Amino acid sequence: NIEVAAKRILWGKFANSGQTCVAPDYVLCSKEVQEKFIACAKNLMNEFYGDNVKQSKDFARIVNERNFIRVANLLKNQTVAIGGQMDAQERFIHPTILIDVKPDDDVMKEEIFGPILPIVNVESPQEAIKFINEREKPLALYIFTKKQSVKDLFLMNTSSGGVTINDTIMHVGVETIPFGGVGNSGMGNYHGKQSFDTFVHKKSVLSKSFCKIGEKAQESRYPPYTKFRTNFIRFAIKNLSRTINTSFLTHILMYGLGVGSTVAGFYIYKYYKQEHHI
């Protein structure tokens with residue numbers, strides 16, 4: 001549903017004039033989808049902000065002059081499909097959509113943090129995944145599709161701080177799931193218990209007894225390292241750290257209990273017969 005997808009993408013991008021850390025930085029789609037997206041976007045701009053975006057009370061300004069200049073410079077030598085108007089005195093930049101954007105353009109080299117949405121054309125999900133993986137891991141990834149196979153393809157083959165499917169930004173507001181980045185987009189998570197865990201150091205504690213049998217079994221770790229001790233240590237490191245099959249141990253334990261209870265029952269019965277002269 002291009003219309004709903006466009007509405008959610010534009011909302012996520014132009015909220016606070018694009019000055020949020022999870023705003024979509026660019027759109028990857030085919031030229032066919034791009035044409036439909038642009039057509040929807042023109043209607044949505046009017047729906048969101050009226051005939052004059054600059055006069056809309058619902059569209060923010062760039063936070064300061066330095067960032068206004070930085071964002072404005074990203075529009076140089078770009079093909080504007082929608083928007084592009086600016087007012088330096090008010091630090092106003094019209095919600096702008098760019099087309100025919102090249103991967104090495106300046107607008108693709110940094111986080112935009114402003115109301116500019118570049119569209120880069122790709123012809124397949126695989127090409128989109130390749131494009132994403134050639135760059136730093138994003139804080140958020142937004143996938144728009146009805147196909148479960150495409151969802152799985154992106155989820156299994158990309159790395160990002162978080163993912164929202166068929167919407168933007170919304171995962172940040174869910175307090176029961178962690179929010180955070182990965183790699184260049186940040187480290188750690190917060191929300192609920194995740195906030196607590198981020199600032200907690202998990203201290204490892206191992207307590208051992210002075211049992212003579214246990215100490216005897218570990219003597220190989222002490223010098224002098226004879227050939228036997230060296231071979232035993234190598235064997236232990238290689239094999240004893242492997243995961244033990246607990247289901248196998250359970251069967252052995254139950255078998256042992258069964259045998260033990262049978263033997264115990266036999267001797268109890270024998271003792272009972274002797275005591276009562278049966």
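Met156 is placed in helix H5, where helices (H or I, at least four residues) and strands (E, at least two) are DSSP runs numbered from the N terminus. With a relative accessible area of 69%, Met156 is exposed, the classes being buried under 20%, exposed over 50% and partly exposed in between (1.4 Å probe, protein chains only). Together with Leu155 and Ile165, Met156 forms a nonpolar patch on the surface that has about 300 Å² of accessible area. Such patches are made of residues with over 30% relative accessible area and no salt bridge, nonpolar side chains (Val, Leu, Ile, Met, Phe, Trp, Tyr) being joined within 5 Å and like charges within 9 Å, and the accessible areas come from the Shrake-Rupley method with a 1.4 Å probe, for residues with only the protein chains shown as cover. The model is predicted, so local features need pLDDT of at least 70 and side-chain atom pairs count only at pLDDT 80 or more, whereas totals for chains, interfaces and linings use all residues. Residues are numbered from 1 along each chain as its sequence is written, and side-chain values use heavy atoms, with hydrogens and water left out.

The largest pocket holds about 1,600 Å³ of space. Of the 50 residues that line this pocket, Tyr26, Val27, Leu28, Leu141 and Tyr142 are the closest to its centre. A pocket is an open set of points on a 1 Å grid over the protein atoms alone, where a 1.4 Å probe fits, with protein on both sides within 12 Å along at least five of seven lines, and lining residues have an atom within 4 Å of a point; grid points are joined across faces, edges and corners, and a volume is the space filled by probe spheres set on the points. At least two lining residues each come from helix H1 (2–14), strand S1 (27–29), helix H2 (31–49), helix H4 (125–133), strand S7 (140–143) and helix H5 (148–157), and H1 gives the most, with six. The lining comprises 31 nonpolar, eight polar and 11 charged residues, where Ala, Val, Leu, Ile, Met, Phe, Trp, Tyr, Cys and Pro count as nonpolar, Asp, Glu, Lys and Arg as charged, and the others, Gly among them, as polar.

The second largest pocket has a volume of about 170 Å³, and its lining includes Lys31, Asp100, Lys102, Glu127, Lys130 and Glu134. Strand S6 (116–121) and H4 are the elements that give two or more residues to this lining, with H4 giving the most, three. Five nonpolar, one polar and six charged residues make up the lining of the second largest pocket.

The count of salt bridges comes to 13, a salt bridge being a side-chain nitrogen of Lys or Arg within 4 Å of a carboxyl oxygen of Asp or Glu. Arg61 and Glu90 meet in one of these (3.3 Å, N to O), which links distant parts of the chain, since Arg61 lies in the loop between H2 and helix H3 (65–73) and Glu90 in the loop between strand S3 (86–87) and strand S4 (92–93), 29 residues apart. Arg61 is partly exposed at 23% relative accessibility, and Glu90 is partly exposed at 36%. A further salt bridge joins Arg221 and Glu215, with the closest N and O atoms 4.0 Å apart. Lys130, which counts as exposed at 51% relative accessibility, pairs with Glu134 (2.5 Å, N to O).
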